[in-house]
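User: I'm new to this one and would like to learn how to read it. Could you walk me through a few features?

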Amino acid sequence: MGKQQIDLASRLEAAIVDLRVKDPFLPIHVLVPTPLLGTWLAQRIFAETAHVAIHFERPEQLAWRLLEPVALLEGVRRVPEFADLAMVLAAAREEGKGENLPDYLRTALRTRGFAPALLRTLHDLDAAGIGTDALNELAPRSAAPERLQLLARLQGSVNGRLHAAGLLSRATLLRRAAQAAKQDAVGAIVVCPLDDPSAALDSFLAAVARIYPLVSLERVRPRANVPENALHRLKSGLFEDSWLAPKGGMRPEALDPSVRILAASGEHLEATEIARMIAEATSDGDLTYGEIGVLLHGGAERAALDAAFERAGIDAYFLEGTPRVDAAARALSLLLDLLERDYERTRVMEFLTTAQVPWEEILGEDAEFSAARWDRLSARAGIVRGLEQWTAGLTRATTDAKEVAERYERDPDDDRDVRLTGSLRVVLDRLAGDFAAFPAEAGWGSYLDATLNLLDRWVRRGDAVRLRLERALRPLASHAPGPTRGEFVAHLQELLASQTYREGDLGESRVFVGGIAAAAGLRFRLVFVPGLAERRFPAAVRPDPLLLDDERQALGGSLLTTEDAQERERRLFADAVDAATERLVLSYPRVDANGRETVPSSFLMRAAEAATGRRVTTAELLTIAEPGETVLGRAWPVRSERALDVLERDLSLVGAGGFGSARHLLEDAPHFARARAAEAAGWKPSLTAWDGVLDLGDADVASWAEGLRIGKKGSASALQDFAACAYRHFLKRGLRLYEWEEPSRVYQPDAKERGSLFHEALEAIFVELREKGALPLRAERLAEAQTLAHLKIAAVLDEAAAAGRVVHRLLLEPLEIEMRRDIDELLRRELVTGGDFVPSAFETEFDEVPFTFGDGREIVLRGKLDRIDLAANPARLRVIDYKTGAFDDDEGAEFKGGRELQLAVYNLAAERLYPKHAVEEALYRYSTEKGGFQDKGCANSEQNRETLRRILGHLDSLAARGIFAKSADSCQFCDYQSICGIAQVRESRAKRKEADPRLEPFRQLRTIK
């Protein structure tokens, strides 16, 4: 800030020199409105020489210095942070129990924002020296006497609590200090312009002025008889009409570079344009970041400015910090969320994924944990919320993980899922235990202790959070009534969310970003004042609901009214303008965050008039304001050289549409380069690496690809996936990609879930019929079987609803009706199609079923058979696999070009399970009206075995050469369509590549019926 105008510092230096004429070491106490101004002045006065015994402090700090000896003897102290709010809460809670209190006041006392509002009113009364007697005296003359009487009682209660606790309010401290001041306690006093005048402060300053040398530096407004530029005109003529030319005449003159007005398209774009202006202003080195200030009326713009500055690489010092909650605070807030949200899966996983949990202490040093894997496992388990769902879902997940681990050759990655599911169950058990110990009813202290226990157990590096919670909440334990648990959690999370992050300090070369009031007296060569939209700056001023303006005037003293608050808004804007020594940028968003058009602030209009010397209408303001480089429909500049960051530059170049404008992306953005290469390769007439062709010349790739060949443990569904599309096999079994499915509240089960429920019901029905000796089904027991079926269907659906697979059981009634109808018909058809076959086994698992193909290669098959029917005389067997979809005969094809392998594999499994029975066939039984109740079979013949060998041989031949190409003819139920593109694109690309000779085994595969 070396080139800033430091008129206040100069005047302060002169005052100190005058006071030290007789004693060059006279202690000087400089009273400042904010600590920031004190720091800034301390860095600038007497820059060329050392200075000693100069203290910068706020008035109450000097008052405590004077009163401290007496206070220590009396055992009194200043009010700790939040303690006065705690006493207000206690007083309000006590008054709320009164019997004669009007309903509207009783409701007000329970309103969440009542206590802070009351505290502000009590501070005003205390500073003005107005007590309960004055309020009670005014009450009969008021339109609402019971309100003022309540206010008087609350004031008396709070003051009594403060007195009993030995605490001094700010006003009391000032009054007591004025009485305790002694001749030799301090040297001399210099008072900078203060923004909070009050009777207590005035009395204190008057008292110390009678004892010590005191100089008051009044606020100085700049004036110029002959303004040099627009900024001088603005400073001299702001809020004055004498500078304005008569209305009409020539249109306003253009502003010179000393004053610029920015009319940004939106709120975030306003911050972007400010960052762009700062980057350009400092590009030549004449202006540094430390000579720039962004002065805010409120805090609404901080987050957007922080994001824009980070994009532009601008170092900034945010005085009030930026809303970046530290990791430990966020983790604790997420943890407490689980108390009130019934263990919502998304909330649990957000905590486990983002929090820095001391896993070694929770799970033990040797335990395995992975938040990302836990997220996937719990999602696949269909968990939504509730401990019961977590228990049931993790039980299912453990079973599924074990099945997957055993399905192949015990892949270590699959075993890891088993271990991770177990460790996640431990985590949930520990969470449930700790939450059970959290009190349902308690006081502030007990709730705080329980919270700190959770913090210590579940969050790393929470020391800073612990200290802040102790400081903010421990006083409430002594002075405030106990809250409900919900109130405590809400208050605590609000406290955690209000934590801010501040980088750097004021002395570094950083752009200053802070409130106008806090920056009073500071000077910058370049100043930005954003947010100059109506109702934002000036803010809408509302009267105090507890003590109205007419009542404040009747009470007298120095009580401020809404008129004073409006004047303060004018003073704030004038201070912001005064802070600029060379250049000033005033800005507003034309559209707010909700998409509504805004109105330029009246302050902005007055500033434009003062700067131009003429009346300015809203339409004329837009002609002299700069629109910025970006607009809502185009969030990048037209000229790439004005880009704020690389993203804006790329968008600008590409948006220009010139030939080769995006070529630089190939070098700068590797993801874009790969995507472009994949797109280009997709249209080539031959197979490429982007089509699933592996380079087996690389030893590591060849070793990895060996695991994708036919010839290890596998299931019928895995083989069928491979035959349907080798690329799907590569993505699913090789890269282990899967489609993300986020559990949500299910209102109607999808086709897959309906099929699962149908299978569960059929298994329960036939198992019960077998146990009752009702199989094979006979006509005389059909009605009994159908009645039993209805009961089993209802039980299966009840269990599904209880497990959270659907929001409410009533939503399954249409499905229940449909299942009853279909299964009734299925049972009726059993009388006709059963013959001498008897349903004997259901959901039978098979394992270790070897099958040799090709040149002696062997695969070991695993899986499950829906149903096995046996017949005697002679001993025969058939396998039935239930289908709930539409019937697809494909002209009697059994293998459908390799797309249907399950039935052939089921024949092999049945022979292994029942060596004394002749396996006739395995068949799909379409068991619904949609499927027409038809059967489609695959005979257990040597010809079909040989066909299966051929299919497996073709698949293994493709895998052995590293060819995993896309088929584009089996995509209807594929999870990877987003990777391969829309149907027309997939099919067109596959057609262009179908002549590639490396696809010969695949072409032969598709000829198999």
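User: Where does Asp 956 sit?

Analyst: This is a predicted model, to begin with. Asp 956 belongs to helix α37, which covers residues 942-960.

User: Is Asp 956 buried or exposed?

Analyst: For that, look at the relative accessible area, where buried means under 20%. Asp 956 has a value of 6%, so it counts as buried.

User: Which residues does Asp 956 touch?

Analyst: Leaving out residues up to four places away in sequence, Asp 956 is in contact with Arg 709, Ile 710, Phe 853 and Arg 857. With Arg 709 there's also a polar contact between the two side chains, at 2.7 Å.

User: Now the strands. How do I read a sheet?

Analyst: Strands in a sheet pair through backbone hydrogen bonds, and the pairing can be parallel or antiparallel. Here, six strands make an open sheet with parallel pairing, and the order is β7-β12-β11-β8-β10-β9. From one strand to the next, the twist averages 20°.

User: How many bridges join β7 to β12?

Analyst: Six, and the two strands run parallel, with β12 spanning residues 580-589.

User: Which strands does helix α13 lie across?

Analyst: Helix α13, made of residues 302-312, lies across β8 (292-296), β9 and β10 (511-515). Compare directions too: α13 runs at about 160° to β9.

Definitions and conventions:
Residues are numbered from 1 along each chain as its sequence is written. This is a predicted model: local features need pLDDT of at least 70, side-chain atom pairs count only at pLDDT 80 or more; totals for chains, interfaces and linings use all residues. Side-chain values use heavy atoms; hydrogens and water are left out. Two strands pair if DSSP finds at least two bridges between them. Helices (H or I, at least four residues) and strands (E, at least two) are DSSP runs, numbered from the N terminus. Axes are lines fitted to C-alpha atoms, for helices over the stretch in contact, and angles run from 0 to 180 degrees between N-to-C directions. Contact means heavy atoms within 4.5 Å. Buried means under 20% relative accessible area, exposed over 50%, partly exposed in between (1.4 Å probe, protein chains only). A polar contact is a pair of N or O atoms within 3.5 Å; within protein, one must be able to donate a hydrogen and the other to accept it, and residues adjacent in sequence count only if both atoms are side-chain atoms.
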